[in-house]
Amino acid sequence: MTVIRDGDALTLVNTLRLDDAGLARLEALGKVRSIVKLGAFHGRDDAFYKDRYEAELWAPAGMPHERGVTTDRELGAAQSGPCSDADLFVYQTSATPEAILRIGRHGGILLSCDSLQNWTGPDDYFDQASAAMMQAGGFFNPANVGPGWLGAAKPEKSDFLRLKDLEYRHLLSAHGAPLLNDAKPAIDATLKRLFEI
């Protein structure tokens, strides 16, 4: 989960439920006002945060939700997001809704869900069988396009050509470690390798 602070307002992206100690630390940062769901295969904990903080849920058009949750504010590429310096990149050809939130701080920060990932290897939460399966599936590659999402969503090359036009330095993904300072050249190299663009 990524927390964006804009004054005393907090926006949660790619929510994960925290324990009581984590919630106390979150609340010490400010008031949770918004939740952003960027990918169709996530959002299991959105209902918890929406109910606890009476936060607005932002999502791209057509986003499915769990547990009776609905979108409060629709995110679109031509409008601003829940933060003062946010804009949205929407995959137009994906079979399932998927977007990237770009924050205009520190040279540009991309917040992604399943489309862009930075898993370099298994962590303590993987058992041996899962780690082996993920390794075989090509998930553990830095600055990667998520193989599971790519297979399910089947986006076209045109989306990645548009993605190359974005300006940013950093990537914070729902999957993997932060990719700091050189995210754009690393992602561009992956797009060249995968799509010859």
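**Reading the terms in this model**

User: Why is Glu196 called exposed?
Analyst: Glu196 has a relative accessibility of 71%. Exposed means over 50% relative accessible area, buried means under 20%, and partly exposed lies in between (1.4 Å probe, protein chains only). So Glu196 counts as exposed.

User: What are these values based on?
Analyst: This is a predicted model, where local features need pLDDT of at least 70 and side-chain atom pairs count only at pLDDT 80 or more, while totals for chains, interfaces and linings use all residues. Residues are numbered from 1 along each chain as its sequence is written, and side-chain values use heavy atoms, with hydrogens and water left out.

User: Where is Glu196, and what is its phi?
Analyst: Glu196 sits in the segment after helix H6 (183–195). Helices (H or I, at least four residues) and strands (E, at least two) are DSSP runs, numbered from the N terminus. The phi of Glu196 is positive, about 55°, although Glu196 is not a glycine.

User: What makes His106 exposed?
Analyst: His106 reaches 59% relative accessibility, so it passes the exposed cut-off. His106 lies in the loop between E7 and strand E8 (109–112). His106 is not a glycine, yet its phi is positive, about 55°.

User: Why is Ser94 called buried?
Analyst: Its relative accessible area is 15%, so Ser94 falls on the buried side of the cut-off. The residue belongs to the loop between strand E6 (86–90) and strand E7 (99–103).

User: How do you know that Ser94 touches Trp149?
Analyst: Contact means heavy atoms within 4.5 Å. Ser94 meets that test with Trp149, Ala153, Pro155 and Asp159, not counting residues up to four places away in sequence.

User: What makes the pair of Ser94 and Thr96 a polar contact?
Analyst: A polar atom of the Ser94 side chain is 2.4 Å from the backbone oxygen of Thr96. A polar contact is a pair of N or O atoms within 3.5 Å; within protein, one must be able to donate a hydrogen and the other to accept it, and residues adjacent in sequence count only if both atoms are side-chain atoms.

User: What does the side chain of Asn118 reach?
Analyst: A polar atom of the Asn118 side chain lies 2.9 Å from the backbone nitrogen of Ala143. Asn118 is in the loop between strand E9 (116–117) and H3.

User: Is Asn118 buried or exposed?
Analyst: Asn118 has a relative accessible area of 5%, so it is buried. Leaving aside neighbours within four places in sequence, Asn118 contacts several residues, including Asn141, Pro142, Ser173 and His175.

User: Why is His175 called buried?
Analyst: His175 is at 16% relative accessible area, so it counts as buried. His175 sits in the loop between strand E11 (170–173) and H6. Beyond its neighbours within four places, the contacts of His175 include His42, Cys113 and Asn118.

User: What makes Met133 exposed?
Analyst: Met133 has a relative accessible area of 57%, so it is exposed. Met133 is in helix H3 (residues 128–136).

User: What is found at the start of H3 and just after it?
Analyst: At the start, a side-chain oxygen of Asp127 comes within 3.3 Å of the backbone nitrogen of Ala129. Just after H3, Gly138 has a positive phi of about 80°.

User: Why is H1 called oblique to H2?
Analyst: Helix H1 (residues 20–29) and helix H2 (residues 46–53) pack at about 55°, with axes 14 Å apart. That angle makes H1 oblique to H2. Under 35 degrees counts as roughly parallel, over 145 as roughly antiparallel, 65 to 115 as roughly perpendicular, and the rest as oblique. Axes are lines fitted to C-alpha atoms, for helices over the stretch in contact, and angles run from 0 to 180 degrees between N-to-C directions.

User: Which residues of H1 and H2 meet?
Analyst: Leu23, Leu26 and Glu27 in H1 meet Phe48, Tyr49, Arg52 and Tyr53 in H2.

User: What makes H5 roughly antiparallel to H6?
Analyst: The axes of helix H5 (residues 157–164) and H6 cross at roughly 155° and come within 11 Å. That angle is why H5 is called roughly antiparallel to H6. In H5, Lys157, Phe160, Leu163 and Lys164 meet Lys184, Asp188, Leu191 and Phe195 in H6.
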